[in-house]
Amino acid sequence: MTIELYPYQRKAVDRLHNGSVLCGKVGSGKSLTGLFYYMENHIDKPLYIITVAKKRNDREWHRDFEALGIDGVVDSWNNIEKYTDVKDAFFIFDEQRAIGYGKWGMAFIHIARKNNWIMLTATPGDVWMDWMCIFIANNFYRNKTDFVDQHVEYNPYSKFPQIRRYHKTDKLERFRRYLAVPMQDFRTTKLHRKYINADFDKDLYKSVIKSRFNPYTEEPIMNASEFTQVLRRIINTSERRRIHAKQEIMTRDRVIVFYNYTYELDILKEICQELDRAYYQWNGQKHEAIPDAETWVYLVQYTAGAEGWNCITTDTILFYSLNYSYRIMEQSEGRINRVNTSFEDLYYVYLKSPASIDDAIERSIRSKKKFNERNWVENTCPNWNEISKNN
């Protein structure tokens, strides 16, 4: 065997047990740690890896297999239901996708109860409902009803399921401490975060809030989601934001740029063309690899490329707009923050506006919560529901 573990990985392997969750920062080497645990404790069982689609497509796990002289089945969370009949095997669930009681969560529970397994993740969950499927898979609860009956109190006055509080949290804390295996790596990389305020068309922004009219379709806005998307388009397409993005790209040889919407991609492509810079894309349509070149711009759509790959040939990520999910933002930052990076300093540049919606999204990210469009709209526009009915 030509691969050796770092001391912090060795310590984690010794603490892992069936049904546990290896919690480590993005880029800390969780995959290798999980494979060593399998080799030392369950090598007699067939190995299955359930991971994100990009990792499967890029065959990252297969490279580790080859280095360690082992073999296994690698597939994505999208196909997890294919493996619900597998018994007496060992599963590594790469990233926490067993949230909620939908198809993925139910399939995860079915598999976990018939096999040995561990989970690897940087973001295991920040509310107790995120841990529910993991607890059920460990047979701490019979099902969702059992968990909810013991711990969850819903707000009876809310129009949609809204948790008011959790009960018996000492029991939940005890279960989490038993399952979670934290892995602290030795990275001393310095992270530098720069926030750039980009002005926008305030008159148009205020007009949309007042009129509930979509200037892009020239029709009334029909729901909260459309309302927030229109406001975001106004601020994300501003000339000042475009100028700031161009300045950042122009002054860096290699830079990764994350974006949310197709119209943002169009702006970024125009900027690259104006600067005569080669650009490559990873999104729902194009899956281009980062080139081995002196200069490049890598345009990545959050949903398609926030995880499952890494890059140690640049020290900078530009976030053209903020994502609603702090988890996605954290995973995105982790693309360059790897244990084996040669850079001592990493730079994260965030473009945002002083608009109320951008401020609210940033607050959600800082407090490690997902931005909720409906709640924000109802709090910002108290008469929203009445006006929507009239529209």
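Biologist: What should I know about the model before reading it?
Modeller: Residues are numbered from 1 along each chain as its sequence is written, and side-chain values use heavy atoms, without hydrogens and water. The model is predicted: local features need pLDDT of at least 70 and side-chain atom pairs count only at pLDDT 80 or more, while totals for chains, interfaces and linings use all residues.

Biologist: Which residues of helix 1 are buried?
Modeller: In helix 1 (residues 7-15), Y8, Q9, A12 and V13 are buried (under 20% relative accessible area with a 1.4 Å probe, protein chains only; exposed is over 50%, partly exposed in between). Helices are DSSP runs of H or I, at least four residues, and strands are runs of E, at least two, numbered from the N terminus.

Biologist: Where do they sit around the axis of helix 1?
Modeller: They fall within an arc of 140°, so they line one face of the helix; the arc is that of the directions from the helix axis to the C-beta atoms. P7, K11 and D14, on the other side, are exposed.

Biologist: And what covers the buried residues of helix 1?
Modeller: The cover includes strand 1 (21-24), helix 2 (30-41) and strand 8 (180-183).

Biologist: Which residues does T33 touch?
Modeller: Leaving out residues up to four places away in sequence, T33 touches Q9, A12, V13, L22 and M183, where contact means heavy atoms within 4.5 Å.
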